[in-house]
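Morning, everyone. Please have a look at the next model, and then I'll take you through it.

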Amino acid sequence: MTPTPEPLHRLDVKLDALITLVAKSLYSDELTCIRELLANAMDALSKREHHATQPHPADGLRCEIWFDDHDRTLVVRDNGVGLTEVEMRDFLTSIGRSGTRQMREQLADPVLTRKLIGNFGIGILSAFIVGSKIQVHSRAVGSNIDDGRLFLCTANGEYEIKPSPREHIGTTVRVSVQKNEHVKLLREELGARTRAYAMLLPYPVEGQRGLPVYNIRSDQVPWRSHADARTFLMQHLRLPEPLLFFQIHREDLQLGGLIWVPADSSFVNTNGGADLYVKGMLVRQGAVGILPDKAVFLAAAIECHSLEPTASREDVKRDFAFDRFRAEVEQQVLAGLCGLATRPGELQQILLTHGRELKGLLMSETGLRPLTVAGRQTCLFDELARHIPFRRPQDTSPVITLADYEENVRRLVAAPKGGDGAARPAALAPEEVDRIYYTSTNSSTSIQIQSVLVQRGIQVLVLDEKRPDGQPSIDFLLVKRYAERARKELKAAEERADLFPRLEGDMYRRIEELFDRIAGPSAKESTIFPPGVRAFRFQASIF
């Protein structure tokens, strides 16, 4: 006898609890619904623009968003393609079913495919974070006034669709807000949030009755056109004038953006964050891990259409496409910074404001990463380190770069004669070309040694080997690495006692006697200087 199969049972799902759980667990920001509703409106407008059989509205394709204080309602209205009753049932009543994704899969038009934002069919859930009820009033392209439909849905999952005449083609979404804290939040932040999300979107996003306009035209975006980058930063991003800015761009990755160095010395971008846009929509302000490691003094706004947002659209998937994107961003950012080698004024301003941070980048693994700049292989360290100014003891021209240091040494070695044919004092031997001298400001002999070296035409860098906390100073480490990579010897000037002249015979004794009369007999026991140097020390000070 064949056993009777056990009947199948259905899971008891509390739909109202599930909707709330999904909405609040998926999205970390209570006002995410602003972005999601704008994304739906942009897709509807894109579809209508590419709808070949229907004319576009006379006043242009656009979206409006405002908060109705009287009804405590968030309103988003567009004159896009609209929804039929069938589409409402298919896409508004099914979590995870996306009309945009379905259309993208069926489209042969790559232009429209690239513009469509939606993908997961869950964006409408975000409205339930702040709302207790959603109304979608829509009329589809090609339909009559009486074909308008009204979709009503509550947070417990109950919905209805009923006829509702609508004069114009398009869709109006109304989210009823119950909690006072959400009403306050929308009143205070709707404008700023909308402007952030919408700034690069392709269609006008406006407040009620057209004011204000939250986004800018495509021809005002520097990496999309020839628009002025400074104007974009200062007028549209509303930032103070930066110390430096440059663009990045790569067509095959659909990548463009703007990198800048803020003039605020307190600015630190610890996580390599950048404002990241996908298809014109802001995914995240300060999206982490976008800029090169240790480039903490940089800020950026970057757009890349080849990246895929996560389900919450609060980040992008960290997949192979992201790895390619980030590698390209790093290469172009580092190459852009290499340009400072030919712009000493801008480099000096950055060093004054973010000096430690820039030097930290040069000393990091990122600073040594291979780059191709103007067709040659290099790295950021090799391009910039030789142009970093360091202190020197001379009163005239108190700083010197490593490039100028090397040029000075080469000049002394190559031309030991002065312009009048007389020998230079202590012209350098050829082996001095491969040395970089430094002295420590903590040395008790530094002043005297510096005087000797100045007379001989030898440049000396003033470097503290240690910071007050006992750790190596970044300037010392940077010069040390430069010397190693340039195959030079970094040598403490104090070690070169052989550079100092010895005073013999009567002159030595006369100076010793004069020194003893002024400094006292105990000075004879000094072990600070090598033999003969104490006398020269005194001679240098009195002549």
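This is a predicted model: local features need pLDDT of at least 70, side-chain atom pairs count only at pLDDT 80 or more; totals for chains, interfaces and linings use all residues.

Cores to begin with. The largest nonpolar core has 65 residues. Which of them touch the most other members? They are Ile259, Leu298, Ile302, Phe325, Leu337 and Leu461. Helix α8, residues 320-338, gives this core its largest share, 7 residues. Now take Phe325. Leave aside its neighbours within four places in sequence, and Phe325 is in contact with Leu253, Leu255, Leu276, Ile290, Ile302, Cys304 and Leu307. Another core lies apart from the largest one. That other core has 57 residues, including Leu74, Phe151, Met281 and Leu282.

Next, the helices. α9 spans residues 344-363, and α13 spans 474-485. The two pack at an angle of about 35°, and their axes are 10 Å apart. The crossing of α9 past α13 is left-handed. Who meets whom? On the α9 side we have Arg356, Lys359, Gly360, Leu362 and Met363. On the α13 side, Ile474, Asp475, Leu477, Leu478 and Arg481. By class, that contact has 5 nonpolar, 4 charged and 1 polar.

Last, the sheet. It is open, has 3 strands, and runs β18-β17-β19 with parallel pairing. Why is one side of β18 and of β19 left without a neighbour in the sheet? Because β18 (461-462) and β19 (489-492) stand at the edges, each with a single partner strand. β17, residues 435-439, pairs with β18 over 2 bridges, in the parallel sense. There, Thr439 stands opposite Val462 of β18.

That's my tour. Over to you.

How values were computed
Residues are numbered from 1 along each chain as its sequence is written. Side-chain values use heavy atoms; hydrogens and water are left out. Axes are lines fitted to C-alpha atoms, for helices over the stretch in contact, and angles run from 0 to 180 degrees between N-to-C directions. Helices (H or I, at least four residues) and strands (E, at least two) are DSSP runs, numbered from the N terminus. A crossing is left-handed if the near helix is turned anticlockwise from the far one by less than a right angle, and right-handed if clockwise. Contact means heavy atoms within 4.5 Å. Ala, Val, Leu, Ile, Met, Phe, Trp, Tyr, Cys and Pro count as nonpolar, Asp, Glu, Lys and Arg as charged, and the others, Gly among them, as polar. A nonpolar core is a set of buried Ala, Val, Leu, Ile, Met, Phe, Trp, Tyr and Cys residues joined through side-chain atoms within 4.5 Å. Buried means under 20% relative accessible area, exposed over 50%, partly exposed in between (1.4 Å probe, protein chains only). Two strands pair if DSSP finds at least two bridges between them.
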